[in-house]
Amino acid sequence: MKVSVSYLTSNNVVEDLRKLNVTNVDFIHVDVMDGKFVKHKTESFKQLKNIHKYTSKRLDVHLMVQKPLKYIDDYATLNTEYITIHVESKDVDKALNLIESYGIKKGLSIKPDTDINTLIPYLDKVDLILVMAVQPGRGGQTFIEDTITRIKQIKKLIKEHKVKVLISVDGGINEEIAKKLKDVDILVSGSYVLSHEDYQYQIYKLRGKQ
Ligand code: DX5
Ligand code: ZN
């Protein structure tokens, strides 16, 4: 299982990116919020443009925005492995095509209250489903237990449609929750990793290898 760390709750992003760069974290999870799709707004792209100075890790960009088409061109210029948009956002098809045109892997995220069947039309177009285990918008929330059932149902859909799509889970993940998510491909974790001085130790615990 891979681990992607979100720095959304960091008080010192530059220092935390440097610290994470010497761990074996697989991706840096870049949360982008527009103040419309979710209440809060993250820093502008201008401030992120230089992220490569602090990390050589591949980025996993999570666009929590109403109009992903407006953001993709910018984030495609970074060292980006995945760009994930929300199934609840506008122009999903166009946005997925645009991500693909950059040769970047396509992710589709779903909020906790959205019917999983809304994913069906896109299953053969995406590389990853990012299942939200909290309401998107801020770090440090509690994992919604029902997510475990939703993951099983989404896996079933993927199997029925005979497609190869990875599952990533985002929100409220700690060591205990990670034990229940062994069959997930990527775990996204923010506050749990940043809550301890030793980020590598936290990442090992998420992987179940301390
Ligand atoms: C929530 C974000 C998450 C979040 C993860 O809206 O998409 O990526 O920052 O942080 P924790 O692990 O603290 O829930
Ligand atoms: Zn996220």
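Modeller: Here is a walk through the metal site, then the helix and the aromatic pairs. Keep in mind that this is a predicted model.

Let's start with the zinc ion (ligand 2). His-29 (NE2), Asp-31 (OD), His-62 (ND1) and Asp-170 (OD) coordinate the zinc, at 2.1 to 2.3 Å. Along the chain, these donors follow the spacing H-x1-D-x30-H-x107-D. His-62 sits in strand E3 (residues 58-64) and Asp-170 in strand E7, so this pair ties together parts that lie 108 residues apart in sequence. His-62 and Asp-170 are both buried. As for the geometry, there are six donor atoms around the zinc ion (ligand 2), and the angles they subtend run from 72 to 173 degrees, which makes the arrangement octahedral.

Strand E7 comes up again with helix H5. Strand E7 (166-170) is among the elements that cover the buried residues of H5, along with strand E5 (105-110) and strand E6 (128-132). H5 itself covers residues 147-160, so to speak a 14-residue helix, and reaches 20 Å from first C-alpha to last, close to the 20 Å expected at 1.5 Å a residue. Which residues of H5 are buried? They are Thr-147, Ile-148, Arg-150, Ile-151, Ile-154, Leu-157 and Ile-158. After H5 comes Lys-162, with a positive phi near 50 degrees.

Now the aromatics. Searching the whole structure turns up two aromatic pairs. In one of them, the ring centres of Phe-27 and Tyr-82 are 5.7 Å apart and the planes stand at 80 degrees, so the pair is edge-to-face. Phe-27 belongs to strand E2 (residues 27-33) and Tyr-82 to strand E4 (residues 80-86), so this contact ties together parts 55 residues apart in sequence. Phe-27 is buried, at 5% relative accessible area, and Tyr-82 counts as buried too, at 4%. Phe-45 and Tyr-75 also form an edge-to-face pair, with 4.9 Å centre to centre and 75 degrees between the planes. Here Phe-45 is in helix H2 (residues 45-48) and Tyr-75 in helix H3 (residues 69-75), so to find both you look at distant parts of the chain, 30 residues apart. Phe-45 and Tyr-75 are both buried.

Two lysines sit over rings as well: Lys-19 lies over the face of Tyr-199, 4.0 Å from the ring centre, and Lys-111 lies over the face of Phe-37, at 5.0 Å from the ring centre.

Definitions and conventions:
Residues are numbered from 1 along each chain as its sequence is written. Chains are lettered from A and ligands numbered from 1 in the order in which they are written. This is a predicted model: local features need pLDDT of at least 70, side-chain atom pairs count only at pLDDT 80 or more; totals for chains, interfaces and linings use all residues. Side-chain values use heavy atoms; hydrogens and water are left out. Helices (H or I, at least four residues) and strands (E, at least two) are DSSP runs, numbered from the N terminus. The expected span of a helix is 1.5 Å times one less than its number of residues. Buried means under 20% relative accessible area, exposed over 50%, partly exposed in between (1.4 Å probe, protein chains only). Contact means heavy atoms within 4.5 Å. Donors are N, O and S atoms within 2.8 Å of the metal (3.2 Å for Na, K and Ca); water is not among the atoms, so sites may look incomplete. Four donors count as tetrahedral if all angles lie between 85 and 135 degrees; four count as square planar and six as octahedral if opposite donors are over 155 degrees apart and all others between 65 and 115; anything else is irregular. Rings of Phe, Tyr and Trp (its six-membered ring) pair if their centres lie within 6.5 Å; planes under 30 degrees apart count as stacked, over 60 as edge-to-face and the rest as tilted. A charge sits over a ring if NZ of Lys or CZ of Arg is within 6 Å of the ring centre and within 35 degrees of the ring normal.
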